Amino acid sequence: MSAQQMASAVGEPSDHRRLNPEIFAMLVLGGAVLASAILGILLRPVGNLSAFWPANAVLLGLLVRFPRLARAGGWAAAAVAFVLADAATGSSWTKAGLLTLCNMVGAAVGYVFMARLTPKDRLLERPAALVSVMLIVLAASTVTSVFGGLVNVLLFHGGPARGFFIWLA
């Protein structure tokens, strides 16, 4: 009996029933973003935003390290993960959607700029690359903060400047 016949006999899935690798990658991306977003949400004070928010860094890091994830499915998986994290912890759909928009815009800006770096710079193989990466992270954070300032007015009835600096922190 061959190995394939033995595998079939014990109930191991055949090749046609295995999960598509691209779908699996999207699920891993979504799961990583979901877990890191929930961690950030659980560490925030009640009624406020979290001072520790690893989800955007995890998302950007995975997209930069694995550029094949930066397709529509990867972006959709991340957006769903952000919304689910907020919804699962009691946020309204409107709040979850607006906060997700802020996070996704910042990650997109970071990805667009990171994709323009040379492969050596993305891997931080040159000392000057660290400066480039830090400037990109600052740009992404600033864009996220601009959107966060606007969302602060809508969700928390605070001023846009205060919201900007809360998100930038």
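Predicted model: local features only at pLDDT ≥ 70, side-chain atom pairs only at ≥ 80, totals over all residues.
The accessible surface of the chain is about 10100 Å², and carbon and sulfur atoms account for 70% of it.

Next, colour the chain by secondary structure. The chain has 8 helices and 0 strands, so expect one kind of element from the N terminus on: α-α-α-α-α-α-α-α. For contacts between residues at least 6 apart in sequence, 56% join residues at least 24 apart.

**The core**

Select V33, L59, L63, W75, F82 and Y111. These are the residues with the most contacts inside the largest nonpolar core, which has 25 residues. Now show the elements that each give two or more residues to this core: α2 (21–42), α3 (55–65), α4 (72–88), α5 (93–115) and α7 (127–156). Which of them gives the largest share? That is α4, with 6 residues.

**Helices α4 and α5**

Hide everything except α4 and α5. Their axes come within 9 Å and cross at roughly 145°. The crossing of α4 past α5 is right-handed.

To see the contact itself, show side chains on both helices. On the α4 side, select W75, A78, A79, F82, V83, D86 and A87. On the α5 side, the residues that meet them are W93, A96, L99, T100, N103, M104, A107, A108 and Y111. By type, the residues of this contact divide into 13 nonpolar, 2 polar and 1 charged.

**F82**

Keep F82 selected and bring the rest of the chain back. Setting aside residues up to four places away in sequence, what does F82 touch? The list is V33, A37, W53, A55, N56, L59, T100, N103 and M104. Two of the names on it, V33 and L59, are also among the core residues with the most contacts. T100, N103 and M104 belong to the α5 side of the contact with α4.

**N56**

N56 lies in helix α3. Is N56 buried or exposed? Its relative accessible area is 18%, and buried means under 20%, so N56 counts as buried. Leaving out neighbours within four places in sequence, the contacts of N56 are F82, N103 and T144.

Technical notes:
Residues numbered from 1 in each chain as written. Heavy atoms only, no water. Core = buried A, V, L, I, M, F, W, Y, C linked by side-chain atoms within 4.5 Å. Buried < 20%, exposed > 50% of the residue type's maximum accessible area, 1.4 Å probe, protein only. Helix = DSSP H or I, 4+ residues; strand = E, 2+ residues; numbered from the N terminus. Contact = heavy atoms within 4.5 Å. Areas by Shrake-Rupley, 256 points an atom, 1.4 Å probe, with all protein chains shown as cover. Axes fitted to C-alpha atoms, helices over the stretch in contact; angles between N-to-C directions. Left-handed = near helix turned anticlockwise from the far one by under 90°. Nonpolar A, V, L, I, M, F, W, Y, C, P; charged D, E, K, R; others polar.
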